[in-house]
Amino acid sequence: MSAVQALCTERGVLFIVDEIQTGLCRTGSMFASDRYAISPDILCLAKALGGGVPIGAVLTSERVAPAVGMHGSTFGGNPLACAAALATIDYMQEHTLDRRAHELGDYFAERFREKQPARVRELRQIGLMIGIELKEKATPYLVALMEEGVLALSAGPTVIRLLPPLTVGRDQLDVVIDKLLKVLSA
Ligand SMILES: *Cc1c(COP(=O)(O)O)cnc(C)c1O
C-alpha cells in the first residue's frame, strides 16, 4: 500500500482509497487503511455509514479539498441521512464495534479452522470480513445455506462471502458456523 501511495505521489496521481465495504469497523479497525502507514488524498465511505439509511461520503485531505471544491448533488447533505450517520458513528464508538469485529472475526476463524471441510481451499478473514474459498463453485453451497436459513453472497465464482452485521451475537455466529460446517461437509 505504501508503494502504491509512493507511485501515486511520484506520478502526480490522486491516491483514492475505497472503504465503502471495508470501512467503519468492518475489518477490526475504524478503517482498513489504518493498518498501513498511508494517508489517502480521498477516502470513500457508504454502506454501514448510515446504519441502514442510504448515505455515502467522500472525505478529502486538506491538500486536495480546494481542487475538489463544492461537491453537490440532489440529496447531498440530507439532514435525515446525516443524523443517521452521526448516530451510527456514535454507536460504533460507544460500543467499540472495531474491537468487537476483531474478536468475533478471530473467533469465527478459529472455530471454522478446527473443522475446516476438505472442499475448502482457504479461509480468508480480517475482522468480520470473511471469504471462504472453495475448490469448486460456491453457488450450490449458497443455495444449501439459504435452505438452512443463512443468507450469503459469493465474491467471484468460488468464494462464499460473509459480512455479518457488526452487532451479530456470538450465539448467532455459532449457528452460522455450525450450518456452514454442515453444508460444506455434506
Ligand atoms: C458497494 C460498493 C460500492 C458502491 O457504493 P454505492 O454507495 O452503492 O455507490 C463501491 N465500492 C465498494 C468497495 C462497494 O462495496
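**Figure 1. Leu 151 in the loop between helix 5 and strand 6.** Leu 151 sits in the loop that links helix 5 (139-147) to strand 6 (153-154). The model shown here and in the other views is predicted. Leu 151 is exposed, at 72% relative accessible area. Together with Val 143 and Met 146, Leu 151 makes up a nonpolar patch on the surface. The accessible area of these residues together is about 320 Å².

**Figure 2. Strand 5 and its burial.** Strand 5 spans residues 129-134, and six of its six residues are buried, so the strand is largely enclosed by the rest of the structure. In a regular strand, side chains alternate between the two faces of the sheet. Both faces of strand 5 are covered. One side carries Met 129, Gly 131 and Glu 133, and the other carries Ile 130, Ile 132 and Leu 134; all of these are buried.

**Figure 3. Strand partners of strand 5.** Strand 4 (residues 120-126) is antiparallel to strand 5, and six bridges join the two. Within this pairing, Arg 124 is opposite Gly 131 of strand 5.

**Figure 4. The aromatic pair in helix 4.** One aromatic pair is present in the structure. The pair consists of Phe 108 and Phe 112 and is stacked, with 5.9 Å centre to centre and 5° between the planes. Both residues belong to helix 4 (residues 97-114), where they are four residues apart, about one turn of the helix. Phe 108 is buried, with a relative accessible area of 1%. Phe 112 is buried as well, at 0%.

**Figure 5. Cysteines without disulfides.** Zero disulfides are found in a search of the whole structure. Cys 8 takes part in no disulfide, and the nearest cysteine sulfur, that of Cys 44, is 13 Å away. Cys 8 counts as buried because its relative accessibility is 12%, and the cut-off for buried is under 20%. For Cys 25, the closest cysteine sulfur is also in Cys 44, at 18 Å, which is too far for a bond. A disulfide requires the two sulfur atoms to be within 2.5 Å. Cys 25 is buried, with 1% relative accessible area.

Note on methods:
Residues are numbered from 1 along each chain as its sequence is written. This is a predicted model: local features need pLDDT of at least 70, side-chain atom pairs count only at pLDDT 80 or more; totals for chains, interfaces and linings use all residues. Side-chain values use heavy atoms; hydrogens and water are left out. Patches are made of residues with over 30% relative accessible area and no salt bridge: like charges are joined within 9 Å, nonpolar side chains (Val, Leu, Ile, Met, Phe, Trp, Tyr) within 5 Å. Accessible areas come from the Shrake-Rupley method with a 1.4 Å probe; for residues, only the protein chains shown count as cover. A salt bridge is a side-chain nitrogen of Lys or Arg within 4 Å of a carboxyl oxygen of Asp or Glu. Buried means under 20% relative accessible area, exposed over 50%, partly exposed in between (1.4 Å probe, protein chains only). Two strands pair if DSSP finds at least two bridges between them. Rings of Phe, Tyr and Trp (its six-membered ring) pair if their centres lie within 6.5 Å; planes under 30 degrees apart count as stacked, over 60 as edge-to-face and the rest as tilted.
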